Each structure stands twice: as structure tokens, then as C-alpha cells.
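Hello,

Here is the structure we discussed, with the sequence alongside. My notes follow below it.

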Amino acid sequence: MSKSTIKKLLQSMTKEDIIEMVLELYSARKEAKEYLEFYASPDEKGKLEEYKSIIREEFYPKKRREPQTRFSVCRKAVADFKKLKPSADALAELMASYMEWATQFTYDYGDMWEQYYDSVENNFDKTIKFIVTNGLWEKYSQRLQQCVEWSDGCGYGFADAMADMYEDGNAMYQDLAEK
């Protein structure tokens with residue numbers, strides 16, 4: 001069903017019918033409940049901390065258990081936070097934190113498997129591009145540089161790939177700054 005079909009349906013409904021439908025949706029879907037609560041009372045810092053905690057637990061769990069390092073959980077946390085339509089700065093903070101924990105983890109624990117490095121590299125690239133295109137390079141460049149430093153000495157070619165992405169991001173920022 002398209003947005004235009006939904007729009008026509010909503011326009012044909014009474015205010016009471018729409019309220020009833022939204023309340024049913026609120027009760028039926030966890031994602032809808034979270035979105036509506038955030039929409040009604042936006043606590044960006046609180047939600048940011050909630051999603052940061054989800055990601056941090058994958059690498060540095062507070063409870064005495066082994067780290068899971070499930071990138072699917074981390075990607076879902078970023079995607080779910082993004083659906084709430086936070087500020088670009090809050091989303092960049094979550095993405096940068098994710099990369100910090102992922103690179104610090106390999107620095108702290110040594111070599112990982114190839115898929116781990118591929119996931120970090122792909123997400124690092126997305127993080128850099130998001131930060132540059134949203135004009136946040138100056139705020140996050142030192143933290144991203146720290147990620148590059150943590151990647152040194154881990155995985156064949158990992159540090160080089162991370163450094164190349166960082167330099168590409170810096171060049172993109174310089175190009176945008178000149179315009």
C-alpha cells in the first residue's frame with residue numbers, strides 16, 4: 001500500500017476513528033509505541049543513551065558474560081534510532097560510538113575474524129560519509145582518528161583500509177569546506 005492510499009484513507013476517517021486506530025497501533029507494535037512516545041515527548045539524549053547501551057553491551061557487557069559482537073544487533077540499533085528522526089548530531093554520536101567500541105574491542109582483544117573487519121570497515125565508511133555530509137567532521141574527526149589508531153596492528157590490511165577511509169573523509173570535508 002502506498003502513502004497516497006494511506007493518506008486518502010486517513011482523510012476519509014473521522015478524528016475519533018484515527019485516534020482509535022493510532023491507539024490500536026500503539027498497543028500492537030513495539031516500534032509504533034516507541035515512535036509515538038518519542039514523538040509525543042522527545043527525549044533525544046535519553047533515547048541516544050538507550051541505543052548506545054545496546055551497542056556497548058555487544059562489545060563490553062556490564063554483566064559477567066562474554067562479548068557477543070553481533071553486528072546485526074548494532075546495525076538494528078542504529079536503524080531503529082534513525083527511524084525516530086533524531087538530529088544528525090545525535091545519530092552521528094551513536095554511529096561514532098559504535099565504531100569506537102568496535103575498533104577498541106579489536107585493539108583490546110587482538111586479531112578478529114575477516115567478517116568482523118569487513119563489518120567494521122563497512123560501518124566506518126558509512127559513519128564517515130554521514131558525518132561529512134552533515135557538516136560534523138570537525139566535531140567527530142578526532143574520535144574517528146582514534147578508531148584508525150586502534151585498528152593499527154590488527155588484521156591484515158585493516159588499519160590501511162581504515163586510514164584510507166579516514167583520509168577520504170577528510171578530503172571530502174576539505175572539498176565541501178572550500179565550496
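Aspartate 125 and lysine 129 are 4 residues apart in helix 7 (residues 114-133), so about one helical turn separates them; helices are DSSP runs of H or I with at least four residues, numbered from the N terminus. The two form a salt bridge, with the closest N and O atoms 3.1 Å apart (a side-chain nitrogen of Lys or Arg within 4 Å of a carboxyl oxygen of Asp or Glu). Aspartate 125 counts as partly exposed at 26% relative accessibility, and lysine 129 counts as partly exposed at 41% (buried is under 20% relative accessible area, exposed over 50%, partly exposed in between, with a 1.4 Å probe and protein chains only).

This is a predicted model, in which local features need pLDDT of at least 70 and side-chain atom pairs count only at pLDDT 80 or more, while totals for chains, interfaces and linings use all residues. Residues are numbered from 1 along each chain as its sequence is written, and side-chain values use heavy atoms, leaving out hydrogens and water.

The structure holds 13 salt bridges. Some share partners and join Glu49, Lys52, Glu93, Glu100 and Arg143 into one network. In one of the bridges, lysine 52 meets glutamate 93 at 3.0 Å, N to O. Lysine 52 lies in helix 4 (residues 44-59) and glutamate 93 in helix 6, so this pair ties together parts 41 residues apart in sequence. Both lysine 52 and glutamate 93 are buried.

Arginine 143 bridges to glutamate 100, with the closest N and O atoms 2.8 Å apart. Arginine 143 counts as partly exposed at 22% relative accessibility, whereas glutamate 100 counts as buried at 16%.

Regards

Notes
Helices (H or I, at least four residues) and strands (E, at least two) are DSSP runs, numbered from the N terminus.
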